[in-house]
Amino acid sequence: MGVEILDITNLPAYELYLYKCLAPISFRRYRRRSKYLAEAISKGFHKVILFLDGRAVGQIEYVPSKFSAYPTNGEDVIVMNCIWIFRRAKGRGLEKLLIN
């Protein structure tokens with residue numbers, strides 16, 4: 001089982017993952033998402049993709065609370081905007097790799 005965890009936040013080759021979940025939907029740059037990313041990336045936003053045998057099967061997206069799109073606050077608080085694993089990859093403990 002080949003597992004790779006990759007922070008794709010600043011990797012142009014993986015830009016499409018910044019704009020969508022792993023679900024098989026078409027890639028579109030949304031104006032609101034682009035605006036959010038332009039500000040949030042410089043403030044600590046990260047998106048990490050989990051690959052299993054070369055296929056993207058999970059992701060986590062997180063940002064410091066004061067730069068989150070959600071109404072949260074607190075010192076040293078990280079907000080997970082999204083954490084997700086494909087059903088076919090569940091039950092292998094891969095979720096824990098994303099959080100670490």
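Biologist: Why does R33 count as buried?

Modeller: Buried means under 20% relative accessible area, exposed means over 50%, and partly exposed is anything in between, using a 1.4 Å probe and protein chains only. R33 comes out at 19% relative accessibility, so it counts as buried. Mind you, this is a predicted model, where local features need pLDDT of at least 70 and side-chain atom pairs count only at pLDDT 80 or more, while totals for chains, interfaces and linings use all residues. Residues are numbered from 1 along each chain as its sequence is written, and side-chain values use heavy atoms, with hydrogens and water left out.

Biologist: Where does R33 lie?

Modeller: R33 lies in helix α1. Helices (H or I, at least four residues) and strands (E, at least two) are DSSP runs, numbered from the N terminus.

Biologist: Which residues of α1 are buried, and how do you know that they line one face of the helix?

Modeller: They are R33, Y36, L37 and A40. Looking down the axis of α1, they fall within an arc of 95°, so they line one face; the arc is taken from the directions that run from the helix axis to the C-beta atoms. The face turned away from that side carries the exposed residues R31, K35, A38 and E39.

Biologist: What do the buried residues of α1 pack against?

Modeller: They pack against β2, β3 and β4 (78–85).

Biologist: Buried or exposed: what is E61?

Modeller: E61 sits in strand β3 and has 6% relative accessibility, so E61 counts as buried.

Biologist: What makes the link between the side chains of E61 and R33 a polar contact?

Modeller: A polar contact is a pair of N or O atoms within 3.5 Å; within protein, one must be able to donate a hydrogen and the other to accept it, and residues adjacent in sequence count only if both atoms are side-chain atoms. The E61 and R33 side chains make such a contact at 2.7 Å. Another, of 3.4 Å, joins the side chains of E61 and K47.

Biologist: Which residues does F45 touch?

Modeller: Contact means heavy atoms within 4.5 Å. Leaving out residues up to four places away in sequence, F45 touches a list including R33, Y36, L37, A40 and E61. F45 has 1% relative accessibility, so it counts as buried.

Biologist: Why is the pair of Y14 and Y17 called stacked?

Modeller: Rings of Phe, Tyr and Trp (its six-membered ring) pair if their centres lie within 6.5 Å; planes under 30 degrees apart count as stacked, over 60 as edge-to-face, and the rest as tilted. The structure holds four aromatic pairs. The Y14 and Y17 ring centres are 6.3 Å apart with planes at 25°, so that pair is stacked. Y36 and F45, at 6.0 Å centre to centre and 90° between the planes, form an edge-to-face pair.

Biologist: How many residues are in the largest nonpolar core?

Modeller: A nonpolar core is a set of buried Ala, Val, Leu, Ile, Met, Phe, Trp, Tyr and Cys residues joined through side-chain atoms within 4.5 Å. The largest has 24 residues, and Y17, F45 and I49 have the most contacts inside it. Elements α1 (31–40), β2 (46–52), β3 (55–64) and α2 (94–99) each supply at least two of its residues, and β2 gives the most, with five.
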